[in-house]
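Try each task before reading its solution.

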Amino acid sequence: MATGLRRLANFRGVTSVFPVALVAVLLLVHWLGGRAAAALRYERDAVLSGDAWRLVTGHLVHADAIHLGWNVLGVAIVGLLFARDFTWRQWLVVLVVSTAATSLGFLLLEPQLDWYVGFSGVLHGLMAAGLVAWLHSSRDALTWFVAALFAAKLAWEHFAGALPITADSLALPVVHEAHTYGAIGGGLAGLWFARRAASPASL
């Protein structure tokens with residue numbers, strides 16, 4: 001695996017498929033409009049009444065174009081930094097685990113959360129998985145710098161709430177717990193793949 005800034009030169013070809021496809025899905029769901037958003041967003045009461053799909057689709061819906069834009073930017077950053085560290089099949093697993101961890105965190109640990117939209121929880125899972133891959137393969141200056149920024153962001157949100165730069169630009173409150181749950185899920189998936197990296201049976 002390339003180290004340092006050489007990583008940034010490897011975002012091309014097949015490595016770009018996963019983030020590009022992900023952005024396309026987010027844009028398509030947003031294009032469907034408000035009625036679709038109401039039917040797709042995470043709503044605790046609706047989930048408990050049987051609308052289980054909302055545990056997945058709630059992460060694909062956004063409140064407005066600015067909300068969507070932040071998450072598209074995040075996907076682009078993850079793609080630029082980490083796309084080549086997993087195969088597209090492995091990224092799908094990370095996506096599923098991060099989604100499940102975030103939704104189960106809401107359902108089991110956040111009973112006061114009536115509804116939620118946005119990809120940021122899952123996005124933090126993708127970031128965590130990528131960082132685990134970096135830390136497993138090399139511990140250069142760029143790896144430690146990005147890992148420290150990510151850990152500092154999560155710590156800030158835990159103790160002080162959402163970062164002002166995002167909170168001030170959004171029309172809805174930031175549910176920072178989603179970032180924690182997503183990061184835990186993605187980190188665990190990344191750790192599992194990192195430990196299987198030498199196995200020919202890996203995905």
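A residue is called buried when its relative accessible area is under 20%, and exposed when that area is over 50%. The model is predicted.

**Exercise 1. Find the buried residues of H8 and state how they are arranged.**

Solution. 
- Start with the helix. H8 has 20 residues. Its first and last C-alpha are 27 Å apart, close to the expected 28 Å.
- Apply the cut-off. Leu142, Thr143, Val146, Ala147, Phe150, Leu154 and Glu157 are buried.
- Look down the axis. The buried residues of H8 fall within an arc of 130°, so they line one face of the helix.
- Turn to the other side. Ala141, Phe145, Phe159 and Ala160 are exposed there.
- Name the partners. The buried residues pack against H5, H7 and H10.

**Exercise 2. Describe how H7 and H8 cross, and which residues make the contact.**

Solution. 
- Two packed helices are described by the angle and the distance between their axes.
- The axes of H7 (residues 120–137) and H8 (residues 141–160) come within 10 Å. They cross at roughly 145°.
- The crossing is left-handed.
- H7 contributes His124, Met127, Ala128, Leu131, Trp134 and Leu135. From H8, the residues include Trp144, Phe150 and Lys153.
- Sort the contact residues: 11 are nonpolar, two polar and one charged.

**Exercise 3. Is Ser98 buried or exposed?**

Solution. 
- Locate Ser98: it sits in helix H6 (residues 88–109).
- Its relative accessibility is 0%, so Ser98 counts as buried.
- List its contacts beyond four places in sequence: Val122, Gly125, Leu126, Gly182, Gly185 and Gly186.

Notes:
Residues numbered from 1 in each chain as written. Predicted model: local features only at pLDDT ≥ 70, side-chain atom pairs only at ≥ 80, totals over all residues. Heavy atoms only, no water. Axes fitted to C-alpha atoms, helices over the stretch in contact; angles between N-to-C directions. Helix = DSSP H or I, 4+ residues; strand = E, 2+ residues; numbered from the N terminus. Left-handed = near helix turned anticlockwise from the far one by under 90°. Contact = heavy atoms within 4.5 Å. Nonpolar A, V, L, I, M, F, W, Y, C, P; charged D, E, K, R; others polar. Buried < 20%, exposed > 50% of the residue type's maximum accessible area, 1.4 Å probe, protein only. Expected span 1.5 Å × (residues − 1). Arc of directions from axis to C-beta.
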